[in-house]
Amino acid sequence: MEKIYLDNAATTPILDEVIDAMVAVMKTNYGNPSSTHSLGQEAKTILEENRRLIANELHVSPAEIIFTSCGTESNNLIIKSAVENLSVERIITTEIEHKCVYEAVLEVKNRNGVEVVYLKLNEKGDVNLDELEALLKSSDKVTLVTLMHANNEIGNILDLEKTAKICKENNAYLHSDTVQTMAHVKLDFSQIPVDFASCSAHKFHGPKGAGFAFIRKSTHLRAQIHGGTQERSLRAGTENVVGIAGLGKAFAISVNHMEQFSAQIQEVKDYAIAQLTEKIPGILFNGRCTEKENSLYTLLSLSLPSMNPLIGLQLDIKGIAVSQGSACSSGAAKPSSVLSKILTEEVQQSTTPLRVSFSHQTTKQDINVLVEALVEILGL
């Protein structure tokens, strides 16, 4: 059975060119990058070349790119260190952040007594930036604002430039989880004054186990993992040279083909919206996912017009891989924490959520197979 993969928001297939780059490093660059001999320095060169590649694209200093294992580690490093080392007393966030951000915030609230304020959301899942500005003006507490650039379940995009401007004007730190947007949309941190951001390579056809944190030097953040001076003393431990080589290769391919890939994926997404609307009466689209200007082009969040908690399994049996929510909360038969915050009780109790997410490898024929399978399962 030919598999159809429509769960790219969870992870993406590794490109052949990325695998080739990683294999080459495995075979020849096995030195420890902290070693002073030539083999170690060859490995160190790979790290620094990829660090510069990323820094140049984001228009930041290479010293501000800190390699980690993933977005989750990056987000934990930033949030916990901001509280412990930057005297943050208050965090402003939302209840629909990625689980690693949401739970890291709860951890510092419980452990450090930090005040946590959740911004109100409208029925589409939008953040009210006027409320954010009012909150920042209402207190002199040292504040960290943590808001994801694009939601991983409904695809809503935050106006990051406006948010950063509000935070800058009110002397607040801004952290943005950019895992879903890094290497998918253009980001220029010389123009968008965020203090912190995060990345996972496996969201843009790189390997799992490699990521980075953007940490602006002026913040003077400090490490959470100790025991070595690696990564500017911000993340102790021998670097994953092979993974970072794969991250860099995937990053380069993605940013160099961003215009081509985004146009290609948007065309497939538009086709999916049209076919689903035509063939499945009563289907709902969650958040802003059908709005080109306000939504990430790689993701579509659906509410199917019947209750069927087994639909993910039924599609899997037919060779179609999709998600019923975030991969970090998979297996749940009820709406995710994100959807439960923005959908009415009536919609939650009468529909089945489905997240369909695309890459440049997704075709219109893939969409045809998905729609045909849904029509059959739903008995339409």
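Me: Which exposed residues does helix 6 carry on the face turned away from its buried side?
Reply: Exposed means over 50% relative accessible area, buried under 20%, and partly exposed in between, with a 1.4 Å probe and protein chains only; on that face of helix 6 the exposed residues are Lys-165 and Lys-168. This is a predicted model, in which local features need pLDDT of at least 70 and side-chain atom pairs count only at pLDDT 80 or more, while totals for chains, interfaces and linings use all residues. Residues are numbered from 1 along each chain as its sequence is written, and side-chain values use heavy atoms, leaving out hydrogens and water.

Me: Which residues of helix 6 are buried?
Reply: Helices (H or I, at least four residues) and strands (E, at least two) are DSSP runs numbered from the N terminus, and in helix 6, residues 160-169, the buried ones are Leu-160, Thr-163, Ala-164, Ile-166 and Cys-167. They lie on the same side of helix 6 because they cover an arc of only 160° around the axis, taken from the directions from the helix axis to the C-beta atoms.

Me: What do the buried residues of helix 6 pack against?
Reply: Contact means heavy atoms within 4.5 Å, and these residues pack against helix 5 (129-137), strand 5 (143-146) and strand 6 (173-177).

Me: How is strand 6 joined to strand 7?
Reply: Two strands pair if DSSP finds at least two bridges between them; here three bridges join strand 6 to strand 7 (residues 196-200), and the two run parallel, with Ser-176 opposite Ala-197 in strand 7.
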